[in-house]
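Here is a short briefing to read alongside the model. Please keep the sequence and the 3D view open as you go.

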Amino acid sequence: MKKPSLRVIGLISGTSVDGIDGVVATIAGTGYDLQVDVIGGDTLAYPAALRDQALAVGAGAPLAIADLATLDDAIARQFAQAAQTLIDQYGPVDLIGSHGQTVFHRPRTAGSPSETHLAYSLQLGRGDLIAALTQCPTVSNFRQADIAAGGEGAPLVPPVDLALLSHPTRTRCIQNIGGIGNVALLPPWPAPRQTPPKVIGWDTGPGNSLIDLAVAQFTHGQQTYDRDGAWAAQGTPHPALVAHWLAHPYFAQLPPKSTGRELFGQDFLNQCLQDAAAYDLPPADVLACLTELTACSIAHSYQTFLPQLPDEVLLCGGGSHNQSLVSRLQAHLPTVTIQTTSAAGVAADLKEALAFAVLAYWRQQAFPGNLPSVTGARQEAVLGELWQPTPSASIGIGRR
């Protein structure tokens with residue numbers, strides 16, 4: 001008998017704020033026993049002014065509460081427009097899962113070490129407005145239930161990786177390289193898949209964040225990223241400088257752990273540029289060093305915190321297209337096969353958005369969407385708030 005299925009949209013914009021990634025998928029099954037069929041996906045760019053404002057707020061620019069509410073609405077409208085674009089292209093859906101736009105993330109390890117010091121994470125793009133605009137049930141605020149259980153609220157994608165990317169005989173690391181890098185170690189899970197294996201994961205440190213900021217600074221905003229790593233490929237990394245950056249305490253901190261642009265953002269880059277000035281490095285060398293930092297931090301994480309190196313690493317996120325970064329990571333992990341998740345059947349550019357489609361589906365099933373071994377939560381939790389649409393003729397997406 002064919003299992004009932006839902007058509008679900010997943011939406012996310014990462015810490016690079018380079019656009020809203022969206023995917024439409026048909027999902028059936030229960031728990032980790034899922035059948036997922038990707039129908040299509042796309043990326044909707046932010047208007048430049050909105051992107052700049054989101055980046056500024058994420059970098060710590062002060063904002064009045066009224067202006068924060070206006071920004072929250074504006075981002076929600078962009079997410080609703082992304083969903084509507086997918087609906088127009090691929091047909092109606094039953095559910096939307098929207099991660100929103102992270103503008104602030106404070107790990108639980110910051111400040112007081114007491115048990116009452118919970119993590120804090122703020123994603124803009126309110127789900128209630130998305131539901132009203134699209135007239136589709138919408139799940140948002142995925143991180144809060146894990147945080148309430150004492151977790152970091154991140155990373156949230158590893159349980160979806162467990163469901164979709166586990167291999168019966170091979171140990172896999174699923175490495176996302178967005179603005180921030182994060183990893184999930186998936187032990188082999190042979191058939192018949194019953195009790196899931198223990199997954200561990202954490203944020204490895206900077207992904208594209210420092211590279212993107214440096215490119216924007218060097219080009220006076222004319223470019224926002226190093227396409228294919230071509231600029232870094234013209235430079236030479238300086239090991240002593242990279243080693244100095246790797247001495248930052250975050251890289252030695254035991255998992256579970258999470259981070260964001262609050263740590264690896266403009267202030268960190270400013271210090272990196274100040275350090276590089278002592279070597280009188282040209283921009284290409286600086287970018288080569290920053291690219292090396294990301295590659296080294298990922299490899300260092302594996303070598304320090306994993307019980308053993310994986311058989312293979314599957315990359316996703318924008319950094320998977322940076323050939324300089326991928327080649328440096330391969331140089332640091334010479335015995336490990338490195339591919340993208342596309343090679344395992346999950347499109348690398350759509351995987352993060354697909355994860356929030358699955359998490360929304362799990363919310364409908366009341367199935368726990370976090371992994372305490374990854375986030376540090378005291379217990380499993382059903383993630384996300386479900387918003388039902390309320391018809392209102394006065395609300396429109398207001399397409400540009």
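How far does helix α11 reach from its first C-alpha to its last? Helix α11, residues 283–305, spans 33 Å over its 23 residues, close to the 33 Å expected at 1.5 Å a residue; the expected span is 1.5 Å times one less than the number of residues. Please note that this is a predicted model, in which local features need pLDDT of at least 70 and side-chain atom pairs count only at pLDDT 80 or more, while totals for chains, interfaces and linings use all residues. Residues are numbered from 1 along each chain as its sequence is written, and side-chain values use heavy atoms, with hydrogens and water left out.

**Overall picture**

- The protein has 14 helices and 12 strands; these are DSSP runs numbered from the N terminus, with helices being H or I of at least four residues and strands being E of at least two.
- Along the principal axes, the C-alpha atoms fill a box of roughly 60 × 50 × 45 Å.
- Of the 400 residues, 54% are buried, where buried means under 20% relative accessible area, exposed means over 50%, and partly exposed is in between, with a 1.4 Å probe and protein chains only.
- Taking contacts between residues at least 6 apart in sequence, 71% join residues at least 24 apart; a contact means heavy atoms within 4.5 Å.
- Carbon and sulfur atoms hold 54% of the accessible surface, which comes to about 16500 Å²; the areas come from the Shrake-Rupley method with a 1.4 Å probe, and for residues only the protein chains shown count as cover.
- There are 22 positive and 32 negative side chains, and the centres of the two sets lie 6 Å apart. Lys and Arg count as positive and Asp and Glu as negative, with His and the chain ends not counted, and each charge is placed at NZ of Lys, CZ of Arg, CG of Asp or CD of Glu.

**Helix α11 and A299**

- Helix α11 is largely enclosed by the rest of the structure, because 19 of its 23 residues are buried.
- A299 is found in this helix and is buried, with a relative accessible area of 2%.
- Leaving out residues up to four places away in sequence, A299 touches L329, H332 and L333.
- A299 and H332 are 33 residues apart in sequence, and their C-alpha atoms are 6.2 Å apart in space.

**Helix α6**

- Helix α6 (residues 209–218) has 7 of its 10 residues buried, so it is largely enclosed by the rest of the structure.
- The buried residues of α6 are S209, L210, I211, D212, L213, A214 and V215.
- Their cover includes β8 (180–186), β9 (200–206), α7 (230–233), α10 (266–277) and α11.
- After α6 comes H220, with a positive phi near 55°.

**Backbone points to look at**

- Most residues other than glycine have a negative phi, and most peptide bonds are trans.
- A cis peptide bond with omega of about -5° joins A191 and P192, and P192 sits in the loop between β8 and β9.
- The peptide bond from P255 to P256 is also cis, with omega near 0°; P256 lies in the loop between α9 (249–252) and α10.
- Q135 is not a glycine, yet has a positive phi of about 55°. It is found in the loop between α3 (127–134) and β6 (138–140) and is partly exposed at 39% relative accessibility.
- D228, in the loop between α6 and α7, has a positive phi of about 60° although it is not a glycine. D228 is partly exposed, at 44% relative accessibility.

- H321 lies in the loop between β10 (312–316) and α12 (323–332) and is partly exposed, with a relative accessible area of 38%.
- Not counting residues up to four places away in sequence, H321 touches D228 and D349.
- T26 is in strand β2 (residues 20–30), and its contacts beyond four places away in sequence include S5, L6, R7 and Q35.
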